[in-house]
Amino acid sequence: MNDNDAVADRFEEFADRLEATGVEYKPQSYRRAAENVRAHPESVGSLVDDGKEAVQGIEGVGDALAAKIVEYVETSEIEELEELRDELPVEMAALTRVEGVGPKTVGTLYEELGVEDLDDLEAAAREGRIQGIDGFGTKTEENILSGIDFARQAGERSLLGDARPLGEELRHYIGESEAVADAELAGSLRRWRETIGDVDLLVASDEPETVVERFTDWDDRDEIIEAGSSKASIRSEGMRIDLRVVVPEEFGSALQYFSGSRDHNIGFRNRAIEQGLKVNEYGVFDVSRVDDIEADQRVGERVAGDTEEGMYDAVGLPWIPPELREDGGELAAAADGDLPDLLAEEDVRGDLHVHSEWSDGDDTIGEMVTTAAEFGHEYLAITDHASGPGIVADMGLDDAALESQREAIESAAENADIEVLAGVEANIEADGGLSVGESVLEELDVVVASPHSGLDGDGTERIVSAIEQPHVDIIGHPTGRYLNRRTGLELDFERIAEAAAEHGVALEVNANPRRLDLSGGAVRTAIEAGATIVIDTDAHQPANYDLLQYGVHTARRGWAETGDVLNARDDDGLREFLD
Ligand code: DGT
Ligand code: CA
Ligand code: CA
Ligand code: ZN
């Protein structure tokens, strides 16, 4: 986490804690400051180096908040926040993750019932003590109870975008050992699930103890949870990492088993049983001539297990890409020869939603274009924020600014090696209208319309209205969710996809790992209803172009093929869709 995010998180906690104790107005200014700090192009560390006045240059940060930022950068702590934590010793983040429980409720529940964490909250709800408090009814109590599990899960699971780089780094480090024949990430990480319970690393080696030792010696591990002769678990960056070492002959079967999902494996095993085969992490075994098939895990004649392809082949199936292994009909599709020909990372030819310093991006239009070309893109659309609700003050462009930006983009396009399109990211207002004038939209190549505020309740009609607007090309991050933080709009994806297909609008898979919006499941619904999707990074700096992979694999989880994806088209195909 960078310092800006760390400061923003603390300011948000400040706001929650002040609100919990009944303070008015002040929480709002902390939240506004948090948002501006998070979006600020320069790191708070370098601003503090330049002095407190530079820190006050952040919108909404006055003298008092600037002092807190300086304090945090210098001491990694904010004394006043520590005091608030002592006064109200509750797990604010965990408790407010429960749907319907806000900071005020947390304050009340602590005062009346001494609720400090999710366990206390669950006990109080089960024992019917919450409905006894003034202003709380049985309905509230029921809602709290049903929201607790989700809140627990959300708190525990890591984002794919945090777990994947950590897992890859570890895999690379382990793979450097001569004792290692092969190393692969398994589990939910290999399936590219949007959140990860723990990281699973599978290694093929004839020297398991050497591998375990190298694993537990890793520089980046914070804690050894357990270590045995062929498996071990460590913690790093708050994540649990499980290692299993198997002999090279059993690598394929172990990889199949530990990649999951559990439900996929159950279906796979049942299919094998019907054919007189036994499957487990050690291989596929022909047990047709065995009396007691439970006698040993490795009983019968071994017919597969060296490779994962061999495992699927042994039960009469083609290899199934891990993203599909969620028990969503992939085994039947494989058996029928109907597996999708999935989109690949290299099929994507451009990015149609990125920001420059004209709004809240870090870099110039020219830099964003040059780095997109270096990344390998054939085209790029610059889509800075139009002003509107949910857009940080002064960060959005009004109609006049959009006009002059279009001219700047067009002149950048003249010198570029790739196609550069002029666009905008317009805000979808509560009634489905956009924040930009028609005459401005008309002149632009790409109009992305996205929801940024009012992100609760059913948003289907709001999004459909936006789709029906004449100049809209793409619906950006359709639900507006933030993983582990807010669920965003509830949407009837089928209805939205039908409208999108009818009006020639593409639905975005926003590749930012905090969003992954649409989700894999929603992508699948959208494609089945005939919609085109587009995978965008929403880059605010060139380094973000790399996030594309998360969008591609999320789309693969939605069974997306190249033909379903707008930015897998060549420039002509793209222009045809946009016209
Ligand atoms: P996670 O960690 O919650 O994000 O999800 P996974 O899928 O990585 O689950 P994990 O780490 O508990 O186990 C890794 C894989 O090992 C899992 O996907 C399938 C396999 N596995 C683990 N336990 C069982 C089990 O009881 N039955 C079956 N069939 N497979 C299992
Ligand atoms: Ca796992
Ligand atoms: Ca695990
Ligand atoms: Zn954006």
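This is a predicted model: local features need pLDDT of at least 70, side-chain atom pairs count only at pLDDT 80 or more; totals for chains, interfaces and linings use all residues.
Visitor: Which side chains make polar contacts with ligand 1?
Guide: Among them are Arg157, with a side-chain N or O atom 2.8 Å from an oxygen atom of ligand 1, and Ser188, with a polar side-chain atom 2.6 Å from an oxygen atom of ligand 1. Ligand 1 is surrounded by 15 residues, and the closest are Arg157, Ser188, Arg191, Gly197 and Asp198.

Visitor: How do you know which protein atoms are donors of the calcium ion (ligand 2)?
Guide: By distance. The cut-off for calcium is 3.2 Å, and the protein donors lie 2.2 to 2.5 Å from the ion, so they pass. They are Asp198 (O), Asp198 (OD) and Asp200 (OD).

Visitor: Why is the arrangement around the calcium ion (ligand 2) called irregular?
Guide: There are 6 donor atoms, with angles of 69 to 165°. Six donors would be octahedral if opposite ones were over 155 degrees apart and all others between 65 and 115; anything else is irregular. This set of angles ends up irregular.

Visitor: What does Asp198 bridge?
Guide: Asp198 bridges the calcium ion (ligand 2) and the calcium ion (ligand 3), which lie 3.7 Å apart. The calcium ion (ligand 3) is held at 2.3 to 2.6 Å by two OD atoms of Asp198, plus Asp200 (OD) and Asp242 (OD). Along the chain, its donors follow the spacing D-x1-D-x41-D.

Visitor: Why does Asp200 count as buried?
Guide: Its relative accessibility is 11%. Buried means under 20%, so Asp200 qualifies.

Visitor: Which atoms coordinate the zinc ion (ligand 4)?
Guide: They are His353 (NE2), His355 (NE2), Glu425 (OE) and Asp538 (OD), at 2.1 to 2.2 Å. The cut-off for zinc is 2.8 Å, so these atoms are donors.

Visitor: And what makes the site of the zinc ion (ligand 4) irregular?
Guide: Its 4 donor atoms give angles of 83 to 167°.

Visitor: How are the donors of the zinc ion (ligand 4) spaced along the chain?
Guide: The pattern is H-x1-H-x69-E-x112-D. His355, in the loop between β11 and α18, and Glu425, in strand β13, link distant parts of the chain, being 70 residues apart. His355 has 0% relative accessibility and Glu425 has 1%. With a limit of under 20%, both are therefore buried.

Visitor: What about the phi of Leu516?
Guide: Leu516 is another non-glycine with a positive phi, about 40°. You'll find Leu516 in the loop between β16 and α23, and with a relative accessible area of 0% it is buried.

Visitor: Where are there cis peptide bonds?
Guide: One joins Gly260 and Ser261, with omega about -10°. Another runs from Asp517 to Leu518, with omega near 5°. Ser261 is in the loop between α14 and α15, while Leu518 is in the loop between β16 and α23. Most peptide bonds are trans.

Visitor: What makes a set of residues a nonpolar core here?
Guide: The members are buried nonpolar residues joined through side-chain atoms within 4.5 Å. The largest such core has 59 residues, with Leu380, Ile467, Ile475 and Leu507 making the most contacts inside it. A second, separate core has 31 residues, including Ala183, Leu185, Leu243 and Tyr550. Nonpolar side chains tend to be buried together in soluble globular proteins.

Methods: Residues are numbered from 1 along each chain as its sequence is written. Chains are lettered from A and ligands numbered from 1 in the order in which they are written. Side-chain values use heavy atoms; hydrogens and water are left out. Four donors count as tetrahedral if all angles lie between 85 and 135 degrees; four count as square planar and six as octahedral if opposite donors are over 155 degrees apart and all others between 65 and 115; anything else is irregular. Buried means under 20% relative accessible area, exposed over 50%, partly exposed in between (1.4 Å probe, protein chains only). Helices (H or I, at least four residues) and strands (E, at least two) are DSSP runs, numbered from the N terminus. A residue is near a molecule or strand if one of its heavy atoms lies within 4 Å of it. A polar contact is a pair of N or O atoms within 3.5 Å; within protein, one must be able to donate a hydrogen and the other to accept it, and residues adjacent in sequence count only if both atoms are side-chain atoms.
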